[in-house]
Amino acid sequence: MISYADYLQLLPKTELHCHFASTMTATTFIELAARYGVELWGDDPETLFDFTDLPEFLVAFRAAHDVLREPADFERVAWEGVRAAVAEGNLRYREYYVNPQYFAARGIGYRDVMDPIIAGLRRAEADFGVGFRIVAAINRRDSPESAVAMVREVIEQGIPEVVGIGQDDLTPENTEDPTRFAAAYRLAASAGLKLTAHVGETPTATPDAVREAIEVLGCDRLDHGYRIVDDPAVVALALERGIGFATTPVSTTICSGWTLDERHRLRAMIDAGLTISVSTDDAMFFRTDIGKEYREGLMALGVDAAAAKRIALAGIDISFADAATKARLRGEFEGAFIALDALLEL
């Protein structure tokens, strides 16, 4: 027999909200920073990521991109990140957010980033059986024109593994403002790319950002979205449109200062019937992993085994994987559920 914590740890999992640069370990981050002369604010892995809010975290997030320079760096981080996630939480499929604009600012081209990442992920898929897709993410600190140029390159390059676009970071005014990039989204939609966006994430965000991402940008799913519960009309809109949410419980305790308990907005989203998946967001920076998000995050939210299985399956349903991949994963997950249910201490 196994405990409920072990049950959550061993559930097969997807991860739909994972920033590639954050799949590094702290030791790798420090090692690469030293190699390339990137000055950090400390060298102790235990205290390096003591953040007080989202803007402070984003400074470190940008620095993580600065230590990835050579093809071998990208490929190494890709492979090592998958291996760790399998060990930490039985990861079976993952979608990565990659920000081409961060690297372009340092003269590293789109293919110079994507090709070694994909090579590392393909090697990890062969070694560990973990599938993947990539979302090219707009950096909201850059201009709307830069976002259009980035999306145009995604379309022109036509890399099969890059299946969608998103938007992350914050604007120069430290806001979300999703419709600032509406032209880039229209272009992506015209090319058949999947659409997502970080919205409703911070204490100062509003449910209007969630509504705009659905109605104006036409997003297929959303990242975070916690402020949606502040407006029942937006909840109803998301339910009507079948919008899923890639949520990250642990990060909300750092970026928003919310306590993980049954009063959390994420629990309210679950109770409202919204389709929820669970991810790490930025594992290195938030000292988390996909196992912890289930084992500690879902337990703190008061989620039972039946709901945990629905969350795991939702990660398949709202993924940007093709139909055959979704069918295969669902069969694997359902089989694993039967085995784990038989072992769960009731």
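## Surface and burial

Accessible areas here come from the Shrake-Rupley method with a 1.4 Å probe, and for residues only the protein chains shown count as cover. On that basis the protein chain exposes about 13100 Å², with 51% of this surface belonging to carbon and sulfur atoms. Of its 346 residues, 57% count as buried (buried means under 20% relative accessible area, exposed over 50%, partly exposed in between, with a 1.4 Å probe and protein chains only).

A few ground rules: this is a predicted model, where local features need pLDDT of at least 70 and side-chain atom pairs count only at pLDDT 80 or more, while totals for chains, interfaces and linings use all residues. Residues are numbered from 1 along each chain as its sequence is written, and side-chain values use heavy atoms, with hydrogens and water left out.

## Overall fold

The protein chain has 16 helices and nine strands; these are DSSP runs numbered from the N terminus (helices H or I, at least four residues; strands E, at least two). Its C-alpha atoms fill a box of roughly 55 × 45 × 40 Å along the principal axes.

Taking a contact as heavy atoms within 4.5 Å, residues 24 or more positions apart supply 76% of the contacts with a separation of 6 or more.

## Charges and salt bridges

Counting Lys and Arg as positive and Asp and Glu as negative, without His and the chain ends, and placing each charge at NZ of Lys, CZ of Arg, CG of Asp or CD of Glu, the mean positions of the 34 positive and 55 negative charges are 3 Å apart. The whole structure holds 28 salt bridges (a side-chain nitrogen of Lys or Arg within 4 Å of a carboxyl oxygen of Asp or Glu).

One of them pairs E31 with R76, the closest N and O atoms being 3.0 Å apart. This pair links distant parts of the chain, with E31 in helix α2 (residues 26–36) and R76 in helix α4 (residues 71–89), 45 residues apart. E31 is partly exposed at 35% relative accessibility, and R76 is partly exposed at 25%.

D169 and R62 also meet in a salt bridge, at 2.8 Å from N to O. D169 sits in the loop between β4 (162–168) and α8 (182–190), and R62 in helix α3 (residues 54–66), 107 residues apart. D169 is buried at 6%, whereas R62 is partly exposed at 24%.
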